[in-house]
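User: I'd like to go through the labels on this model and hear what backs each one. Can we start with the terms and then look at cases?

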Amino acid sequence: MKRLIKLSFRNKDLPPFSCELGGRGRVLDLPLIAWLTLIWVLLWSSLHWANVLIGAVVAVAVCLAFPLPRVDLGLRLHPWGILMLAGYLLYDMYTSGVRVTRQIFVDHPHRAAVIAVPLRCRSDLMLAATAVAVSNVPGGSVVEVRRATATVFLHVLDADRPAALDAARQSVWRMEKLTVRAFGTPDEIARVAESPPTAGHGRGEGP
């Protein structure tokens, strides 16, 4: 006997947080239904169970009458990967903040530079997510993302030693791996398990 409702966690072909009705390709976006139901309740200004039920029925009817095109952004949610990414971000923000504070109070100024860091994933979503994650950490910020070559250009404050530049590249690749393991597809996760590509030379700036 066929299931009337198939949820996305039972069918990997469906977009995340969705369900399929009757196996006829009618896919409902559950967050959209929840949002439309909330709007219905707010319009009636009554948080009654009957009002919520009617709002949900109306939301399903609207989604069936006016279906949206299926768009798969390539986003997957991996709970353990999300926890690992959040923990590393907090740790990196703290250690980078301490390192930047030390650089401010040193006797000699540090030389800044912009370095090119090629990434392993080429999807727009993973490129943007990695760039945002890297920019949230003190001491380095992404000044450009080159989509054609999947390369981010990172501005670093401490570029006096080649080891510091290599450490900055390794930090970006580590952030890319954690981001993909938190939100990427199986193919992307397998790609970040490979060795990082060869990095280009940075463009130096004045101190």
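Analyst: Buried means under 20% relative accessible area, exposed over 50%, and partly exposed in between, with a 1.4 Å probe and protein chains only. This is a predicted model, where local features need pLDDT of at least 70, side-chain atom pairs count only at pLDDT 80 or more, and totals for chains, interfaces and linings use all residues. Residues are numbered from 1 along each chain as its sequence is written, and side-chain values use heavy atoms, leaving out hydrogens and water.

User: Why is T151 called buried?

Analyst: T151 has 9% relative accessibility, so it counts as buried, the cut-off being under 20%.

User: What makes the T151 and T149 pair a polar contact?

Analyst: Their side chains are joined at 3.0 Å. The limit is 3.5 Å between N or O atoms, one able to donate a hydrogen and the other to accept it; residues adjacent in sequence count only if both atoms are side-chain atoms.

User: Which residues of helix α2 are buried?

Analyst: N51, G55, A59 and C63. They sit on the same side of α2 because they cover an arc of only 105° around the axis, taken from the directions from the helix axis to the C-beta atoms. On the other side, W49, V57 and A65 are exposed.

User: What covers the buried residues of α2?

Analyst: The cover includes β3 (26-29) and α1 (30-44). Helices (H or I, at least four residues) and strands (E, at least two) are DSSP runs, numbered from the N terminus.

Notes:
Contact means heavy atoms within 4.5 Å.
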